[in-house]
Amino acid sequence: MATTKQVKDLQEAVICSICLDYFNDPVILKCGHNFCRSCITQYCKDSRISPPYSCPQCRERFRKGEFHPNWQLRNVVDIAKKIPEPRGKKTCEKHVELLKLFCEVDQTPICLVCRESRSHKEHSVVPIEEAALDYQNQIRSRLESLKKERDEILSYKSSGENTSQELLKQLQTEKQIIVSEFQQLRQFLVEQEQLLLDQLEKLNQEIEKRRAEYVAKLSEEIASFSSLISEMEQKCQLPASEFLQDIKGTLSRCERKKFQNPVAFSSELKWRIWESSQRNASLETIMKKFTDSLSSRQQLDKANVTLDPDVAHPELLVSADQKSVRWGPTHQALPNNPERFDTVHCVLGCEGFTSGRHYWEVEVEMEDWGLCAVGVARESVNRKGGISFIPEQGIWAVRCSEDRYRALTSPEQRITPLSLSREPRRIWVYLDYEEGRVALFDASNGDPIFTFPPASFAGERIRSLFWVGRGGSSSMLLHHFSLLGQRCRLTLCP
């Protein structure tokens, strides 16, 4: 006669790993794994990637419809369903008595003889069924949490795969543009065409690698959670005497550390793809760009920007380290030197740029009615009287308020879509001097905020610009410091 273990092994062998129930119309993949026909069909429909799909168990690739009925397994399932699961009550191994009590101190089932022994006589005990009910409720509560977290990980996986597809589409478009451009450049650009295609291929491989690592990590977590959930669900179906065996270990396995979603695609990667798309379609511009930079490709440098107190408006207080500025309570008696702003509450960075590619990071924090602007300005920008914040007057900047961004152009351009909150936001300001390009990015994810049309700086020095509007009290910082009661905060990040 079959033992309890043999019956259990047979019944587990006919369980679908997707629905965790007996196989219903089982089919077999070419890799040898079996699933319910409806389960694997729904799995293919829910997959966010194009075929071929991956086996849920071994990840071997297969296409929709590449599975066949498994008649032998269907017969085994029918037999397994008819076998009653052994549920005999366990007895105490020491006293061969029924386990009717549960020791709350040792957390183990005991018999009536054990209860009177020295080992348990002073311990608190309860009826075994009562203890089983209590612990079942605890485990069911943990099961809900485990299932919810598994669903969150599934959503992370889906989001990561969607992002990878979008990035790969961008790369495919860039490949086509590069091939078209280099066909026109002929002999001079043949070697450069291959070089840039290799760079894009490296990006492609990097995205594929990061996607595979990301999906593998999430798949591992999902499998771990599914296995634990299956184990706990089966555990809850056992008789109390079996269920409470090693209950402490069971509870310990339920306590999983909160899963932290890993970063799938870094801001740097998105930025590199964006940079590759910012080429001018003009043949003359392309020729000039390559002839000027083939011998020595420019590097993107992070600028260490500090504030220039000699140009700050008299109502702005610049700290001693020139890393922070705030609106002062009074108008300071400062020299009205030609370079100082006297009407608009602006301050420029000390550093000026006449070549190269640079960026710096600003943190913006808004409260009600807060206003500020971030960007760059020509050295010759007007400092006296009213100022027009437009490129024609030497200023390339984006204005930030509590619920939107606006590009300061003529006319102003509202930047959408945006979902801004009152929490700090981080902005990259990007300057490519030779290309005359100024752009701003969301530093949290690398997405572009606004790119100004190319300009000619004509050899003039370009400096970082910050403006704080008075929407109540306002402030701007180049480094973190505590400032209470302010409506606007800007921080230049290290």
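Q: Let's start with Cys-19: buried, partly exposed or exposed?
A: Cys-19 has 36% relative accessibility, so this residue counts as partly exposed (buried is under 20% relative accessible area, exposed is over 50%, partly exposed is in between; 1.4 Å probe, protein chains only). A word on the source: this is a predicted model, where local features need pLDDT of at least 70, side-chain atom pairs count only at pLDDT 80 or more, and totals for chains, interfaces and linings use all residues. Residues are numbered from 1 along each chain as its sequence is written, and side-chain values use heavy atoms, leaving out hydrogens and water.

Q: How many disulfides are there?
A: A disulfide is a pair of cysteine sulfur atoms within 2.5 Å, and the count here is 0. For Cys-19, the nearest cysteine sulfur belongs to Cys-39, 3.7 Å away, and Cys-19 is in no disulfide.

Q: How is a pair of aromatic rings described?
A: You give the distance of the centres and the angle of the planes. Rings of Phe, Tyr and Trp (its six-membered ring) pair if their centres lie within 6.5 Å; planes under 30 degrees apart are stacked, over 60 edge-to-face, and the rest tilted. That gives 9 aromatic pairs here. Take Tyr-53 and Phe-62: their ring centres are 6.0 Å apart and their planes at 50 degrees, so the pair is tilted. Both residues, Tyr-53 and Phe-62, are buried.

Q: Which parts does the pair of Phe-389 and Trp-467 tie together?
A: This pair is tilted too, with 6.0 Å centre to centre and 55 degrees between the planes. Phe-389 is in the loop between β14 (371–378) and β15 (395–401), while Trp-467 is in strand β21 (residues 462–469), so the pair ties together parts 78 residues apart in sequence. (Strands are DSSP runs of E, at least two residues; helices are runs of H or I, at least four; both are numbered from the N terminus.) Phe-389 is buried at 15% relative accessibility, and Trp-467 is buried at 17%.

Q: Where does Asn-70 lie?
A: Asn-70 is in the loop between β5 (67–69) and α3 (71–82). With 13% relative accessibility, Asn-70 counts as buried.
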